[in-house]
Amino acid sequence: MKRDIIFELKAWKDNKRRKPLLLTGVRQCGKTYILKQFGEEEFSDVLYINFESSSKYAGIFEYDFDVNRIVKELELLENRKIEPGKTLVIFDEIQECPKAITSLKYFCENMRELHVVCAGSLLGVALKSENISFPVGKVNRMQMYPMTFKEFVQACGEEQYLELLEGWSVEREIPEVYFDRMKRLLKEYYVIGGMPEVVQEWIESHDFTVIEEIQDEILAGYADDFSKHAPVKEIEKIRMIWDSIPIQLAKENNKFVFSHVKKGKRAHELEAALQWLKNAGLITMLELVSDVQVPLSANADSTYFKVYMSDVGLLCRRSGLTYETILFDDERFINYKGALTENYVLNELRTQYETIFFWRSGNTAEVDFILEDRNKVIPIEVKAADRTQAKSYKQFCKKYQPEVGIKASLKNIAVNDCEGTKTFSYPLFLLWDMKRLH
């Protein structure tokens with residue numbers, strides 16, 4: 001299956017200032033698969049070492065950080081030659097060997113010509129640990145996410161629609177025959193999500209029963225991680241927060257409220273557990289900006305935020321929504337439709353933009369997402385269906401006068417003016433091609 005991150009990996013390989021790479025991402029989002037594919041396509045040889053499945057490698061890093069010695073011992077154990085420029089060295093589940101993480105500093109300083117890339121399902125958690133000497137400034141970082149909607153469409157063998165719609169003129173409506181097919185694929189993606197194993201099963205069987213079984217297995221794996229890897233005093237809190245996320249997203253004002261996790265619980269009691277989930281890649285926290293000035297981060301309120309799940313398919317499963325409910329627009333789905341759509345949009349945006357917030361003015365107006373790109377502020381209003389009337393969006397445009405804004409919905413493509421802001425009506429299934437608008 002095609003993954004866009006392969007292009008970032010290739011750019012890293014060819015960068016003259018390249019350092020050892022840390023690839024982080026939620027468990028089972030495809031890190032190991034893509035690294036092996038990258039190695040096969042770009043290198044003569046791949047040395048793959050998994051610190052979780054084999055303990056024999058850890059001892060190599062315990063003695064000292066002489067990278068020449070380390071490489072020689074790895075060659076001995078693997079009975080093969082490691083050649084800079086020709087061999088890709090993959091350290092998987094590197095969080096299981098903290099000394100290997102520390103050694104990256106010395107690979108950077110003394111053997112930068114060797115391509116070293118590291119991954120781990122809980123690497124994000126490990127990098128926040130006080131017990132690991134992190135090689136600050138000596139590594140490159142890259143974040144991997146579950147498959148995007150575009151990658152899902154490609155995997156389904158429907159690339160022709162992506163090729164046709166890429167760069168589609170905002171002056172011309174998308175014909176119904178194309179619009180309906182993309183709308184159907186989007187609904188399927190809401191159910192399937194972007195976990196590669198789930199997508200692969202969908203391609204092979206189209207059996208929703210098996211899809212649900214695999215999603216349940218993935219969710220059970222996450223729960224096992226809580227027990228095995230989280231601090232003992234935080235495990236129960238992590239579980240409570242994790243269980244509360246679908247419920248909190250479904251509320252009309254979906255600000256994350258600590259007391260909704262468990263009555264009587266306060267922020268200071270749960271913050272560490274929430275941060276663990278974030279570091280594990282399981283959730284994304286979206287902070288409030290009420291005073292829109294560049295840089296947005298300078299005005300963000302870290303105490304007022306929303307919490308979204310890393311994968312929309314897993315959110316769908318955890319919310320108890322059936323595929324029939326989503327695919328056939330069951331009326332009982334209406335109240336939750338907005339939450340699922342918002343989660344989808346955020347997951348699409350985070351693969352394209354680094355700076356994302358939401359805006360609220362008191363209790364009277366809210367814009368779902370505010371982006372900052374090249375010092376431009378771009379408001380995005382999200383609607384689950386084809387109604388795009390948005391008083392809050394209009395109020396935002398009148399107050400801040402952004403050059404460009406977007407109303408993402410299931411309404412056809414168009415462009416018009418809103419209080420001096422060039423506003424695009426943009427189908428939810430085209431967000432992968434959104435950057436061309438600004």
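Helices (H or I, at least four residues) and strands (E, at least two) are DSSP runs, numbered from the N terminus. This is a predicted model: local features need pLDDT of at least 70, side-chain atom pairs count only at pLDDT 80 or more, and totals for chains, interfaces and linings use all residues. Residues are numbered from 1 along each chain as its sequence is written, and side-chain values use heavy atoms, with hydrogens and water left out.

View 1. Aspartate 207 lies in the loop between α10 (196–205) and α11 (208–229). Its relative accessible area is 32%, so aspartate 207 is partly exposed. Buried means under 20% relative accessible area, exposed over 50%, and partly exposed in between (1.4 Å probe, protein chains only). The areas come from the Shrake-Rupley method with a 1.4 Å probe, and for residues only the protein chains shown count as cover. On the surface, Asp207 gathers with Glu197, Glu213 and Glu217 in a patch of negative charge. Patches are made of residues with over 30% relative accessible area and no salt bridge; like charges are joined within 9 Å, nonpolar side chains (Val, Leu, Ile, Met, Phe, Trp, Tyr) within 5 Å. Asp and Glu count as negative, Lys and Arg as positive; His and the chain ends are not counted. The place of a charge is taken as NZ of Lys, CZ of Arg, CG of Asp or CD of Glu.

**View 2. Strand β8 between its partners.** Two strands pair if DSSP finds at least two bridges between them. β8 pairs with β6 (residues 283–289) in the parallel sense, over 2 bridges. Here valine 289 has tryptophan 359 of β8 as its bridge partner. β8 and β9 (residues 365–373) run antiparallel, joined by 6 bridges. Threonine 355 is the bridge partner of glutamate 372 in β9. The hairpin of β8 and β9 has 3 residues between the strands, and glycine 362 there takes a positive phi near 55 degrees.

**View 3. Strand β6 and its antiparallel neighbour.** β6 is largely enclosed by the rest of the structure, because 5 of its 7 residues are buried. β6 also pairs with β7 (residues 300–309), in the antiparallel sense over 7 bridges. Leucine 288 stands opposite aspartate 301 in β7.

**View 4. Salt bridges.** Side chains of opposite charge can pair when their charged atoms come close. A salt bridge is a side-chain nitrogen of Lys or Arg within 4 Å of a carboxyl oxygen of Asp or Glu. The structure holds 25 salt bridges. One of them joins aspartate 14 and lysine 13 (3.4 Å, N to O). Aspartate 14 is exposed at 55% relative accessibility, whereas lysine 13 is buried at 18%. Arginine 374 meets aspartate 373 (3.7 Å, N to O). Arginine 374 is exposed at 61%; aspartate 373 is buried at 11%. Arginine 436 and aspartate 433 form another salt bridge, with their closest N and O atoms 2.9 Å apart. Arginine 436 is partly exposed at 33%, and aspartate 433 is buried at 9%. Elsewhere, salt bridges that share partners join Lys10, Lys13, Asp14, Glu41 and Glu42 into one network.

**View 5. Glutamate 93 in its loop.** Glutamate 93 sits in the loop between β3 (87–92) and α5 (98–110). Its relative accessible area is 9%, so glutamate 93 is buried. Cysteine 118 is 25 residues away from glutamate 93 in sequence, and the two are 7.7 Å apart in space, C-alpha to C-alpha.
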